[in-house]
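Student: I have a structure open on my screen and would like to learn how to read its features. Could you walk me through it?

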Amino acid sequence: NLQVPQRSTPQELENKQAQIFPRKRNMKAALVSLVRNSDLSEMRSTIRELEDRFNYKYGYPYIFLNDVPFTDEFKEGVTVLTKANVSFGILDSESWGYPEWIDQEKAAHIRKTAKYMHAGSESYRFMCRFQSGYVFRHKLLEDLDFYWRIEPEVNYFCDIDYDPFEFMHDNNKIYGWNLAPTELKETIPTLWDVTKQFMREYPNHIPKDNLLKWVTDENGDYNGCHFWSNFEIVNLSFYRSKAYMDYFNYLDKAGGFFYERWGDAPVHTLAVAMFLSKDQVQFFNDIGYFHPAIGFCPEGSDSRGKCVCDPKEHPEMNLECVKRWDLV
Ligand code: GDP
Ligand code: MN
């Protein structure tokens, strides 16, 4: 007779986790990724590094979300890499698909004719819309105060010897970022105009000490600077706020997630710029990080340091927007 192991109750699980990972504070936070089954190997590589550099000490849970069910192979493949709790969620049709007001023929035509990166991809647009307006409302994230977004195939170059969630909490930080390149303008031709319209209609959402200076040039146009949202640590009350939801719904109505290719990175960034002040935003320039194409290797990383990266190989490629950050 096979013995079926008894499942722990959620409370038992929490107690067990508290013994393995004694934390200073009981932060309601998780590492979250929307990811495909086909990204398993790259996701495993991300988890391995995050565990080795950080999470083996803290045991933050992982939450994986997908528009289709995760395979057993995926579930096992990521779960074996951590002692922390891992959960898997699926998206509903509202958060992954077309709102009723979108002209799908028009969207299809644009996918055929547009030329920028991922121009022809429908799923990429669903992904960007989901990350912009839905991830923080998913049932599995309901109890979370903070999330740290993670992606397949990224590198964490250095030991992270403190808890960024706790840091955010203790210092009243709302949004944390690491890389800030400039956006391909072809993907967002009308995003700034729609955003300006939004600001005119909702002036009460825009505090005086905002960060709009960081995202605008001398003519008042969007300069393309954006936090690269494949890394972001966020107090989720920001995305759940009335101001952010009004903004997302306004953008969603305008249709640019489908008629153009609005990315969640510029969307999050413009929201931060409108609604937050600089002291609420944390530049994690101590966290060595790479996502294919660009990365950040902290100054002073050498053969004896705790980082495994070469500052010469990953010079600050995002100079323009990072320098600008110091000036605002
Ligand atoms: P990039 O970073 O802009 O090049 O876009 P990625 O291809 O890395 O996608 C961003 C994140 O969304 C990654 O974690 C992907 O695994 C995930 N993703 C992209 N498209 C899909 C999709 O169609 N389904 C699911 N489940 N995840 C997706
Ligand atoms: Mn990516």
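Tutor: Gladly! Let's begin with pairing: two strands pair if DSSP finds at least two bridges between them. Keep in mind that this is a predicted model.

Student: Which strands form the open sheet of 3 strands, and in what order?

Tutor: The order is β5-β9-β10, and the pairing is antiparallel. Strands β5 (155–156) and β10 (294–296) are the edges, since each of them pairs on one side only.

Student: How many bridges link β9 and β10?

Tutor: There are 3 bridges between strand β9 (residues 289–291) and β10, in the antiparallel sense. To find your place on screen, look for Tyr 289, which sits opposite Phe 296 in β10.

Student: Now to β7. Which strands does β7 pair with?

Tutor: Strand β4 (residues 146–149) runs antiparallel to β7 and is joined to it by 4 bridges. Strand β6 (residues 175–177) also pairs with β7 in the antiparallel sense, over 2 bridges. As landmarks, Arg 149 stands opposite Glu 232 in β7, and Tyr 175 stands opposite Val 234 in β7.

Student: Which way do the residues of β7 point, and are they buried or exposed?

Tutor: In strand β7 (residues 232–235), Glu 232 and Val 234 point one way, while Ile 233 and Asn 235 point the other way. All four are buried. Here, a residue counts as buried if 20 or more other C-beta atoms lie within 10 Å of its own.

Student: What should I know about nonpolar cores?

Tutor: The general idea is that in soluble globular proteins, nonpolar side chains tend to be buried together. In this model, the largest nonpolar core has 78 residues, and Val 32 and Tyr 147 touch the most other members. Helix α11 (residues 264–275) provides the largest share of this core, 8 residues.

Student: Which residues does Tyr 147 touch?

Tutor: Leaving out residues up to four places away in sequence, Tyr 147 touches Ala 29, Ala 30, Val 32, Leu 141, Val 234 and Leu 236.

Definitions and conventions: Residues are numbered from 1 along each chain as its sequence is written. Chains are lettered from A and ligands numbered from 1 in the order in which they are written. This is a predicted model: local features need pLDDT of at least 70, side-chain atom pairs count only at pLDDT 80 or more; totals for chains, interfaces and linings use all residues. A residue is buried if 20 or more other C-beta atoms lie within 10 Å of its own, exposed if 12 or fewer, and partly exposed in between; C-beta atoms are placed from the backbone. A nonpolar core is a set of buried Ala, Val, Leu, Ile, Met, Phe, Trp, Tyr and Cys residues joined through C-beta atoms within 7 Å. Two residues are in contact if their C-beta atoms, placed from the backbone, lie within 7 Å.
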